[in-house]
Amino acid sequence: MLAGSPALGGERISIAGGERIGIIGDDDRAILDSAEWPWSAVGRVNRTWGGYCTGTLVAAEVVLTAAHCIFDARTRRWIKPEELHFLAGYRRGGYLFHATVRRVVAPLTPPPRQGGVAGNDWPADDWALLVLGEAATVAPIPVKALDDGEAAGDGELHVMRAGYGQDRPHLLSLHDDCRITGRLAAGRVLKHGCDALQGDSGSPLLVRSGDGVFVIGVTSGVARIGTVQQGMAVGAAAFLAALRALDQPDEAGDGRPRN
């Protein structure tokens, strides 16, 4: 799980370490029944050569995950679309829907090397949209960008985060009722108090609203801001335009990561 760059918007951060990286205070995660919506839309993004992250159906043929999940840190290359599989509602080896990926849409900025220095705003680019080879049979979760009023009250916005952490790789776990604690990078990065481990990268931040459940961000990693461990997520405003643009014909069709 990526921790982020050393600075964001002038605020110093560093990679969080130790056995409890990603667990903020007590471990508040609980196992979910992944057969029920909206949890059925959350699944695993598996690489053919090993490893996985979490992803979320946000349209019939589109999965949202973190950009660093589709980047091979060993070879410093983007993973090819055909090397990625999405399994919606994954649970103990079973799943509700499976598809391969035919195209990836993501910012082209490579993730920083482990312990290295990246551009100040890199975590704001840590998102990727995976276009599937076929439409899902599972209902997606709509995406909603927070407005200024919703994000202004730090610590007041209650959210949920669901993913496949490394300690429970075959079961979906939920941290309910965690909170957005602030914003960085001109509002594109959301700080939060949701528990998340390696494997939870790419998992959705969700908010309940009067008319449903919405994805408001995607989990990037964990950082320390001063002495405090913080969850980091890319806010939906960073990728909503790219998601809407997928309604347009793909003229290039080359499968390369791009905006």
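Start by selecting strand β10 (residues 97-105) together with β9: the two strands pair in the antiparallel sense, over four bridges. The model is predicted.

Next, keep β9 (residues 84-88) selected and colour it by accessibility. Four of the five residues in this strand are buried, so that it is mostly covered, with buried taken as under 20% relative accessible area.

Select Arg 44 to find one of the contacts: its bridge partner in β9 is Leu 87.

From β4, step back to the loop between β3 (30-31) and β4, where Pro 38 sits. Select Trp 37 with Pro 38 and check the peptide bond between them: this bond is cis, with omega at about 10°.

Two backbone angles come next. Most residues other than glycine have a negative phi, and most peptide bonds are trans.

Go to the loop between β7 (71-72) and β8 (77-78) and select Arg 76. Arg 76 is not a glycine, yet its phi is positive, about 55°. The relative accessibility of Arg 76 is 28%, so this residue counts as partly exposed.

Last, move to the loop between β13 (173-184) and β14 (189-192) and select Ala 185. Ala 185 has a positive phi too, near 50°, and is a residue other than glycine. Is Ala 185 buried or exposed? With a relative accessible area of 5%, Ala 185 is buried.

Conventions:
Residues are numbered from 1 along each chain as its sequence is written. This is a predicted model: local features need pLDDT of at least 70, side-chain atom pairs count only at pLDDT 80 or more; totals for chains, interfaces and linings use all residues. Side-chain values use heavy atoms; hydrogens and water are left out. Buried means under 20% relative accessible area, exposed over 50%, partly exposed in between (1.4 Å probe, protein chains only). Two strands pair if DSSP finds at least two bridges between them.
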